[in-house]
Amino acid sequence: MQTTTQNPSLARQLYNMTWPMLFGVLSLMTFQLADSAFVGQLGRDPLAALGFTLPMQQLIIGLQVGLGIATTAIVSRTLGAGDELRAYRLGGLIITVGGSLVLVICVALWFLQEHIMTALGAEESLLPLIRQYWVPWLMAAWTGAFLYFGYSVCRSHGDTKLPGYMMVATSLTNIALDPLYIFVFGWGLPGAAWATVTSFGIGCLVIYPKLLKRHWVRFDLQELALWKALKQLNGIMAPAMVSQLMPAVSAMLATALVAGFGSASVAAWGLGTRLEFFSIVVVLALTMSMPPMIGRMLGAGDIEQIRKLVRLAVRFVVVWQLAIGLAWVVASGLVSELFSSDGDVQEVLAGYLLRVPLSYSGLGVCMLMVSVCNALGLAMRALLVSTLRLFLCFLPLLWLGSQINGIYGLMSGALVGNLFAGAMAYSFYRSGMARLKAEVASGKA
């Protein structure tokens, strides 16, 4: 009876924490697509210059997401243990460390920009355009990271509504300012970055006064055992950063494999991966909403409640992503015609949608387990899951499938690899939980 009364409450908590993140993530994706669409109207060179910033952007995002994961894990666990004052000081430490680290990276990228662009193969004619764009783009990257750290502190205190609303508001502001700055003011490509600086700056002016008013951040860091806190932070942040950067490496290697089958295959694979990103948006929202809940439960020593929460989330992800996958299968012909007028691309994309989406449940479980392990303080286990998913389950099966049945075999390899990765990740989580439960039990004893 106790279980049946607790589960609806747990499901309601998970829903209330997740839906604001869902709309926030969707809005961020929308503004990034809108940025590309507006810049695309300026011509090929501005779009190419925008493309050359993406690898550097992934570096900064990897740092900020890694630190965000560490924030929710450490602060929520400290709150769960009842030490609010230390949690507030940790919030101040995280914002100070994060803002400083991203600033150092941005300054280094500015000084090294020509070397980086040459290494990436940028044409000489693009360098002046990139130089004009990089100052506002680096400012936008730093402002976005600083705002993200504020969001992370909010989430660690269990407030996902304010970050969710602000993601929507800043994205809409960015979309509204893009045509004004790019075309009306005539700022061109740099105008897209200035629109982002403005919208993220407004977001900071809203978020940080609220954090200070709620006393969720304190900067009397001399009262904090600084070395111990930094060591604790790095223990989660460093593996999380590496795991965030690995998908980019994997995507480049997968694209190289697909490129061997021609431009139509590359185009179809690119469209398929964009559709995949939209298909897993609910999972992305869950990876943001669950860690603060798990951190508090872990701080309170309530391992059994964590197991119930994770079991509930996994069941939902499996059913939801399977339904999404079946929907893509049914609509594969219509969708392929809608997204491309090229017959070869349509054929390959339809083949993609008949295979890969059926594995989204496995991919979703794997992503969820990485987030859960980080929240539990099992950062190295999370990194191991990410590594094995990409370099044991995914890429080798892509290659093997391509050898057996060409591009369609490669897609079947992606299907099998994602399902295998989900099962592997869940087994790693369960063994980690068993060890954690034993440690908590021995500590209480």
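## Basis of the description

Residues are numbered from 1 along each chain as its sequence is written, and side-chain values use heavy atoms, with hydrogens and water left out. Because the model is predicted, local features need pLDDT of at least 70 and side-chain atom pairs count only at pLDDT 80 or more, whereas totals for chains, interfaces and linings use all residues.

## Aromatic pairs

Rings of Phe, Tyr and Trp (its six-membered ring) are taken as a pair if their centres lie within 6.5 Å, and the pair is called stacked when the planes are under 30 degrees apart, edge-to-face when they are over 60, and tilted for the rest. By this rule the count comes to 12 aromatic pairs. One of these joins Phe 38 and Phe 183, which are edge-to-face, with 6.4 Å from centre to centre and 65° between the planes. This pair links distant parts of the chain, since Phe 38 belongs to helix α1 (residues 2-40) and Phe 183 to helix α7 (residues 161-184), 145 residues apart. Helices here are DSSP runs (H or I, at least four residues), numbered from the N terminus. Phe 38 counts as buried at 19% relative accessibility, while Phe 183, at 37%, counts as partly exposed; buried means under 20% relative accessible area, exposed over 50%, and partly exposed in between, with a 1.4 Å probe and protein chains only.

The rings of Tyr 426 and Tyr 429 have their centres 5.7 Å apart and their planes at 40°, so this pair is tilted. Both residues lie in helix α16 (residues 379-444), 3 residues apart, which is about one turn of the helix. Tyr 426 is partly exposed, with a relative accessible area of 25%, whereas Tyr 429 is buried at 4%. Elsewhere, ring pairs link Trp 19, Phe 23 and Tyr 165 into a cluster.

## Two helices and what follows them

The expected span of a helix is 1.5 Å times one less than its number of residues. Helix α8 (residues 189-213), with 25 residues, reaches 37 Å from its first C-alpha to its last, close to the 36 Å expected, and α8 is followed by His 215, whose phi is positive, near 60°.

Helix α15 (residues 360-375) has 16 residues that should span 22 Å, and its end C-alpha atoms are 23 Å apart, which agrees. Of the 16 residues of α15, 15 are buried, so this helix is largely enclosed by the rest of the structure. After α15 comes Gly 377, whose phi is positive, near 85°.

## Around Ser 36

Ser 36 lies in helix α1 and is partly exposed, with a relative accessible area of 34%. Leaving aside its neighbours within four places in sequence, Ser 36 is in contact (heavy atoms within 4.5 Å) with Leu 47 and Leu 50. Ser 36 and Leu 50 are 14 residues apart in sequence, and their C-alpha atoms are 8.2 Å apart in space.

## The cavity

On a 1 Å grid over the protein atoms alone, a cavity is a set of points where a 1.4 Å probe fits but cannot get out, and lining residues have an atom within 4 Å of a point. The structure holds 1 cavity of 30 Å³ or more. The largest cavity has a volume of about 30 Å³, where volume is the space filled by probe spheres set on the points, and grid points are joined across faces, edges and corners. Its lining consists of Gln 113, Glu 114, Met 117, Leu 127, Ile 130 and Arg 131, and α5 (113-120) and α6 (127-156) each supply at least two residues of that lining.

Notes:
On a 1 Å grid over the protein atoms alone, a cavity is a set of points where a 1.4 Å probe fits but cannot get out, and a pocket is an open set with protein on both sides within 12 Å along at least five of seven lines; lining residues have an atom within 4 Å of a point.
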